[in-house]
Amino acid sequence: MTEEFVSARDRIVSASIDIISDAGLASLTIKNISMRTNMTESMIYKYCSNTDEILVDVVTTYFKFDGSIFKTIDTRDVSYMDKIYIYVDAYSSYYNSYYSLSAIMLQYEELLHNTNTREIVEKGYNFRRECLTKLFKGALENKEIEVDYTAEQLADLLLGIFIVCSLNRRVIQRRKTYKEEINIIYDKWIKTLGYNK
C-alpha cells in the first residue's frame, strides 16, 4: 500500500541500498534492482540511465541526513557537549531504523575509487567531520571537556565509534540495538574525557 505513495526513483534507490547491504556493491545491477522492486528493467531505465547514476543517488541519500540534523543542532541553545549528544542520538536512531543504509559507510573505500561517487563521499564525509570538529572545538574552548586530544582527533574517534558499531552489527550477533550499542560506548567514552551529563 505504501509503495503507491513512494516514487519509482525512491523505490529504486531504496532497493539498491538493500542490495548493497545484502550482497555488496558488485551485486548492484539493473537485473537485481528489477527483481527487488518488481519493476521491469526497461521501466528502471526510464528513471535511471545506469547503475552509476543510481549509486550517486544512494550515496547522496546516505549523506542527506547530516545537513538537516546539523542545521537543527545549530539552532539549539545548549552546551556543545549536548549538541554532540543530540547528533549521536539522532545518528544512532536514524541508522538503527534503517539497517541497510549503514552498509554504505562500510563501502567508503570502494566508493572513493568510483569516479561517479568519489566527490560526493569526500564532500559528505568531510562535512560530517568538520561539523563534529566544530562542536568539539567549542566544547574544548568552553572547558566543557579538558583533554589532550585536538577537536579533529575527538571527531575522528567519534566517527570511529560509528564505523566499529556498524561493522559489529553486521559481524557479531548482538542483543542490543544499534542505538543502544552506540549510546553505551559513547557514554563510557565521554566520561573518559572528563564529561558527565
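**Reading helix packing**

Mentor: Let us begin with one residue. Apart from neighbours within four places in sequence, Tyr62 is in contact with Tyr91, Tyr95, Leu101, Ile104, Met105, Tyr108 and Arg128, where contact means heavy atoms within 4.5 Å. The model is predicted, so local features need pLDDT of at least 70 and side-chain atom pairs pLDDT 80 or more, while totals for chains, interfaces and linings use all residues. Residues are numbered from 1 along each chain, and side-chain values use heavy atoms, without hydrogens or water.

Trainee: How are two packed helices described?

Mentor: The angle between their axes and the distance between the axes describe them. Here the axes of α4 (residues 51-75) and α5 (residues 80-97) come within 10 Å and cross at roughly 150°. Axes are lines fitted to C-alpha atoms over the stretch in contact, with angles from 0 to 180 degrees between N-to-C directions. Helices are DSSP runs (H or I, at least four residues), numbered from the N terminus. α4 and α5 are therefore roughly antiparallel, a term for angles over 145 degrees.

Trainee: Which residues of α4 and α5 meet?

Mentor: Thr61, Tyr62, Phe65, Asp66, Ile69, Phe70, Ile73 and Asp74 in α4 meet Lys83, Ile86, Tyr87, Ala90, Tyr91, Tyr94 and Tyr95 in α5.

Trainee: At what angle do α1 and α4 pack?

Mentor: Helix α1 (residues 8-23) packs against α4 at about 85°, with the axes 9 Å apart. That makes α1 roughly perpendicular to α4, the term for 65 to 115 degrees. Among the residues making this contact are Ile12 and Ile17 of α1 and Leu55 and Val58 of α4.

Terms used. Helix = DSSP H or I, 4+ residues; strand = E, 2+ residues; numbered from the N terminus. Parallel < 35°, antiparallel > 145°, perpendicular 65-115°, else oblique.
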